[in-house]
Amino acid sequence: MKKGQLQIQETAIVIFIVTIIIAISLIVFYRYTVDDIKDDNARYLDEKAKGLTEIISNLPELKVSEMGIEADWCIDEKKAIVFNNGFYDFGQKRIKINGIILYDNLNNLVETRKFSSPVCLLDPVSEKKEMAKLVVEW
Amino acid sequence: MVKRGQIEAIGLVVIVVLLVLLGLFFLKYSGKGDVDEDRFLTIKANNFLNALRQVSIGGSSFEDLAIECCSGGSSCAQIESSMVANGATYLDEDFYFELKCVDESNSVVKSTNCSSTVASGHIVLISGDEMFVKLCRNF
């Protein structure tokens, strides 16, 4: 084999090895990026769902009010019972306070996550205030 | 035969690739702490304290009983049992609770053994007494 042919083969081998290294790096980078995006998405959904506990417990449609003015940091039990009117779209979630379902759109998800927060629940008839568990499932 | 220059070039490429991968792992694990979880635990702690303050216990609110307890009344045991029962039922985390009376005579404390906690805001009652909650971090 001539010296020139040998040099061409050497160059080809070097280019081949470098290409393989770059290809492996790209595959690793791609997988890492995809996993990272999935993690970020899951984290975003978690934050969004957990943040709902704060939003729900401050909704004027649920809070105790007198003559239309917010009166207490409590959820009105009667308002909670009639809340499920489809006005709000919280996505694929189930939201409930004790046994009262405020929103249900889980669509038979097999694996769900859950976050709960205590809230004050007022029975406007007896005016008794008790603690309740606001649960968000997603 | 591979020349010495080519071997060095390949070595450099490998080093650069390794450095890039190290940089990516560093970026992945830096800056993503438990700050978000802390935020939600704080919300939970504040919600618990706000709800607890208003809960009715035998015709009076928890707040009224706390004020009575701090002024030397006999309601301290009642608010302690109510707080412990509500915490066990409505919180998923172990918690620390303190009712700090102005004159420091009749404070109610529910302690916890966890090393790392997230605190709620302090609620100052009309009488000047304070109460707050700390939730244990589960992570």
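In this predicted model, the hairpin that β5(A) and β6(A) make has four residues between its strands, and within that hairpin A:E127 adopts a positive phi near 60°. The two strands concerned, β5(A) and strand β6 (residues 128–137) of chain A, run antiparallel to each other and are joined over ten bridges, with A:P118 standing opposite A:K133 of β6(A).

Strand β5 (residues 114–123) of chain A is mostly covered, since seven of its ten residues count as buried.

Once its neighbours within four places in sequence are set aside, A:I75 is in contact with A:S57, A:L62, A:K63, A:A80, A:I97, A:V119, A:C120, A:L121 and A:L122. In soluble globular proteins, nonpolar side chains tend to be buried together. The largest nonpolar core of the model comprises 48 residues, and A:I75, A:C120 and B:A66 are those with the most contacts inside it; the largest share of this core, seven residues, is contributed by helix α2 (residues 35–54) of chain B.

A further hairpin in chain A is built from β3(A) and β4(A), with two residues between them, and A:N98 in its turn has a positive phi of about 50°. Strand β3 (residues 94–97) of chain A pairs with strand β4 (residues 100–104) of chain A in the antiparallel sense over four bridges, and A:I95 finds its bridge partner in A:Y103 of β4(A).

Definitions and conventions. Residues numbered from 1 in each chain as written. Chains lettered and ligands numbered in written order. Predicted model: local features only at pLDDT ≥ 70, side-chain atom pairs only at ≥ 80, totals over all residues. Core = buried A, V, L, I, M, F, W, Y, C linked by C-beta atoms within 7 Å. Buried ≥ 20, exposed ≤ 12 C-beta atoms within 10 Å, placed from the backbone. Contact = placed C-beta atoms within 7 Å. Pairing = 2+ DSSP bridges.
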